[in-house]
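Hi,

Here is the model I promised to pass on. Please have a look, and my notes follow below.

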Amino acid sequence: MARRLSSGIVAVIGYLLSPLSWWNDPFINLPLAWLFASLISLASQRLFVPAMIVGYWLTNLTGLFTMARGTAGVVAGDSPPSRRRQLLLSLAAATGYTLLIVLLYVFGVLKPLHALLGR
């Protein structure tokens, strides 16, 4: 029972990080990517946007792997076309958020933490 519960928790965490839950990116994945990019940009300001994009995609990939790990052994009820459509929609949403990251940086809205603190 405890093992099923922990697997379920791992699956939920994976789902929240994965591109399948594109609706929560502004609350989870983008802030995590921003923190990652802020740390990387301490080495060089020029690395902020590339690190933000890499961090964002890493959160999505981590979510997919974590969700797969948590749901191992559980049979999904989706048919193959539905899964394929969901994957395509998820990739489109992730690409859209990637473009949003770039645009927010270009227009000066998105800055690393040390730039906001004046350091």
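What covers the buried residues of α1? Among the elements doing so are α2 (29-40) and α3 (48-70), where contact means heavy atoms within 4.5 Å.

Before the details, please note that this is a predicted model, in which local features need pLDDT of at least 70 and side-chain atom pairs count only at pLDDT 80 or more, while totals for chains, interfaces and linings use all residues. Residues are numbered from 1 along each chain as its sequence is written, and side-chain values use heavy atoms, with hydrogens and water left out. Helices are DSSP runs (H or I, at least four residues), numbered from the N terminus.

Back to α1: its buried residues (under 20% relative accessible area, 1.4 Å probe, protein chains only) are Ala11, Gly14 and Leu17. They cover an arc of only 125° around the axis, taken from the directions from the helix axis to the C-beta atoms, so they sit on the same side of α1. Ala2 and Leu5, on the other side, are exposed (over 50%).

The axes of α2 and α3, lines fitted to C-alpha atoms over the stretch in contact, come within 8 Å and cross at roughly 140°, on a scale from 0 to 180 degrees between N-to-C directions.

Finally, Arg69 lies in α3 and is exposed, at 69% relative accessible area.

Best wishes

Definitions and conventions:
Helices (H or I, at least four residues) and strands (E, at least two) are DSSP runs, numbered from the N terminus.
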